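Please look over the sequence and the structure shown below, and then read on for a short report on some of their features.

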Amino acid sequence: MMKIGLTGGIASGKSTVSAMIKDFGIPVVDADRISREVVEPGEEAYKQIVASFGSEILFDNGQINRKKLGNIVFQDADKRQMLNRIVHPQVRKSMLQKVNAYERQGEAVTVLDIPLLFESKLTEMVDKTLLVYVDAKTQLERLMNRDQSSEKEALDRIRSQMPLDEKRALVDAVIDNNGSTEETLHQLKRIFRLWHIF
Ligand SMILES: CC(C)(COP(=O)(O)OP(=O)(O)OC[C@H]1O[C@@H](n2cnc3c(N)ncnc32)[C@H](O)[C@@H]1O)[C@@H](O)C(=O)NCCC(=O)NCCS
Ligand SMILES: Nc1ncnc2c1ncn2[C@@H]1O[C@H](COP(=O)(O)OP(=O)(O)OP(=O)(O)O)[C@@H](O)[C@H]1O
């Protein structure tokens, strides 16, 4: 089974591209979604997060207040590393299980949507890498719009990741998502044809 690592920066358009890939009938394993599952109350990572960051980061119902935890970790690299050390091993484990299940089902291709593919050195999990690229101005605008966040909150998040221009040099193929979604779909199809996926 061919494994494709789909990556990008925050709000660069990974979810938009992964929805197109699912429409082709190709399975997608989503690291962001898994990172939400592994921090549900009762899970091992949840207990470690509460022990490390305190109950101030919880809502009254016990769920993690992600906006609050985000504001802490995206302003402080040490705290971010502390959170990453708790969450990433669980995410990796769960991703591997899901990928193996698709392999057993006989899927020919599976896409792994991993925002931190390079930052977390997960490239050995995949055969090919595909970057969803946007320029810095578009990224900031789309992020602030989508999350209704301030410029400061958005820039804190963008700066906690490897710049997209650096990622460009590391991948097998790039989709430029500055244009319309139609142009993005066109580029995606061209790359998948090139890789003999269809
Ligand atoms: C800090 C948290 C609580 C903020 O939650 P929130 O719901 O606001 O954001 P969400 O999880 O949807 O992430 C949105 C985007 O932020 C970026 N991002 C998330 N975590 C990180 C991180 N540790 N470092 C850099 N960028 C990150 C990614 O591009 C991601 O797509 C959450 O992102 C988290 O638990 N992060 C640690 C786990 C992680 O690294 N997840 C990302 C991929 S595994
Ligand atoms: N080609 C496009 N034209 C206009 N808007 C777009 C385009 N692609 C994506 N968007 C919008 O930009 C925002 C970010 O896109 P998306 O959520 O797909 O990014 P992402 O990389 O998955 O983000 P995250 O890392 O936060 O999960 C969304 O509001 C989306 O609707």
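## Helix H5

In this predicted model, helix H5 is made up of 28 residues and spans 39 Å from its first C-alpha to its last, which is close to the 40 Å expected at 1.5 Å a residue. The helix has a kink of about 30° at Val87, shortly before the proline Pro89. After H5 comes Gly106, a residue whose phi is positive, near 90°.

Buried residues of H5 include Leu83, Ile86, Val91, Met95 and Val99. The elements that cover the buried residues of this helix include the strands S1, S2 (28–30) and S3 (109–113), together with the helices H2, H3 (44–53) and H4.

## Surroundings of ligand 1

Ligand 1 is surrounded by 19 residues, of which Ile10, Ser35, Arg66, Gly70 and Pro115 are the closest. Sorted by class, this shell contains 9 nonpolar, 5 polar and 5 charged residues.

## Strand S4 and its partners

Strand S4, which covers residues 128–133, is mostly covered, with 5 of its 6 residues buried. It pairs with strand S1 (residues 2–8) in the parallel sense over 5 bridges, and Thr7 stands opposite Leu131 of S4.

Strand S4 is also joined by 4 bridges to strand S5 (residues 173–176), and these two strands run parallel. Within this pairing, Tyr133 has Asp176 in S5 as its bridge partner.

Notes:
Residues are numbered from 1 along each chain as its sequence is written. Chains are lettered from A and ligands numbered from 1 in the order in which they are written. This is a predicted model: local features need pLDDT of at least 70, side-chain atom pairs count only at pLDDT 80 or more; totals for chains, interfaces and linings use all residues. A residue is buried if 20 or more other C-beta atoms lie within 10 Å of its own, exposed if 12 or fewer, and partly exposed in between; C-beta atoms are placed from the backbone. Two strands pair if DSSP finds at least two bridges between them. A residue is near a molecule or strand if its C-beta atom, placed from the backbone, lies within 6 Å of it. Ala, Val, Leu, Ile, Met, Phe, Trp, Tyr, Cys and Pro count as nonpolar, Asp, Glu, Lys and Arg as charged, and the others, Gly among them, as polar. The expected span of a helix is 1.5 Å times one less than its number of residues. The bend at a residue is the angle between axes fitted to the seven residues ending there and the seven starting there. Two residues are in contact if their C-beta atoms, placed from the backbone, lie within 7 Å.
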